[in-house]
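Hi! Here is the structure I promised to pass on. Have a look at it first, then read my notes below.

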Amino acid sequence: MKKQTILFDMDDTLIYCNKFFDLVVDQFADLMEMWFHSYHISVPEIKKKQAEIDLDRVLQNGFAPNHFPESFVETYEFYSELTGRGKLPEETERLYELGSSVYGHSIEPYPQMYETLDELQAQGHELHLYTGGDPAIQMRKVTEAGLERYFDDRIHVARHKTAEFLEALIRSHQLDRSSTWMIGNSLRTDVIPALKTGIHAIFMPAAQESCPSTTWRWTSSRRERTLHFPPYPKFPQPSTAIPIRMPLAPKDAGAFLLSAALPAAACASAIRTD
Ligand SMILES: [Mg+2]
């Protein structure tokens with residue numbers, strides 16, 4: 001097989017991320033529900049508002065290190081003003097600390113992450129790490145997970161993972177688009193930018209992530225999972241497929257053969273048991 005260039009996303013592709021955020025959001029919403037109990041604000045409402053505020057902040061400012069704890073404080077301020085309940089400095093402080101605690105957890109790689117990277121490296125493929133977030137936080141995770149030995153000086157951290165950033169990365173490293181792959185769990189920041197820049201894309205849904213859009217169809221059986229993507233007729237059609245091993249979730253621990261290809265007028269990713 002011709003040597004391929006593979007760009008890996010990190011969070012929820014190589015290591016767990018969302019589940020730590022979900023745990024902290026649960027604690028936040030429970031605390032808020034208790035404080036605002038007499039105003040009948042439900043946990044789902046609180047979570048929805050916090051998610052809206054956090055997304056707004058990320059879209060406006062990128063992954064600033066404090067965006068997450070500040071979204072807690074801003075949600076608290078929103079409901080304080082809405083209800084007229086007084087704001088207490090100690091509550092604000094507690095929420096900020098709770099939000100910040102998400103960055104303190106230790107790294108948890110996906111099952112077989114190291115075996116997968118070892119195998120790809122041994123096969124001679126060029127591996128890049130392309131992750132979004134605050135550079136200091138992301139590099140701490142890289143170091144803790146021991147990822148430098150696979151990615152060396154090919155580690156790229158973007159505050160916004162856009163098609164423009166990816167295009168610049170492809171050009172600066174003179175990557176051959178016909179043999180370059182982006183593997184990630186985000187349609188918005190991994191798959192779509194990859195397709196826009198004319199490289200191959202492999203979509204790896206995070207373990208607890210459901211199908212993110214009703215226009216996407218997910219079928220699942222014991223032997224095979226297939227994702228059906230909506231048509232993107234404007235995107236070029238890749239010509240090669242690369243087999244790699246990568247489980248999707250702990251319950252799927254074991255060997256998987258992942259092959260992906262983008263057939264005419266549609267993108268498809270298939271994962272089959274080995
Ligand atoms: Mg990710």
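Let's start with one residue. Leaving aside neighbours within four places in sequence, I183 is in contact with I6, L7, F8, D9, T13, I202 and M204 (contact: C-beta atoms, placed from the backbone, within 7 Å). Before going on, note that this is a predicted model, where local features need pLDDT of at least 70 and side-chain atom pairs count only at pLDDT 80 or more, while totals for chains, interfaces and linings use all residues. Residues are numbered from 1 along each chain as its sequence is written.

I183 also turns up in the largest nonpolar core, which has 27 residues; F8, I183 and A201 have the most contacts inside it. A core here is a set of buried Ala, Val, Leu, Ile, Met, Phe, Trp, Tyr and Cys residues joined through C-beta atoms within 7 Å, and buried means 20 or more other C-beta atoms within 10 Å of the residue's own, these atoms being placed from the backbone. Apart from this core lies another one, of 8 residues, including V25 and L95.

Now the sheet. Which order do its 5 strands take? They run β3-β2-β1-β4-β5, in an open sheet with parallel pairing. (Strands are DSSP E runs of at least two residues, helices H or I runs of at least four, both numbered from the N terminus; two strands pair if DSSP finds at least two bridges between them.) At the edges sit β3 (155-158) and β5 (200-203), each pairing on one side only.

Back to I183: it is the bridge partner of F8 in β4. In total, 4 bridges join β1 (residues 5-8) to β4 (residues 180-184).

Cheers!

Key:
A residue is buried if 20 or more other C-beta atoms lie within 10 Å of its own, exposed if 12 or fewer, and partly exposed in between; C-beta atoms are placed from the backbone. Two residues are in contact if their C-beta atoms, placed from the backbone, lie within 7 Å.
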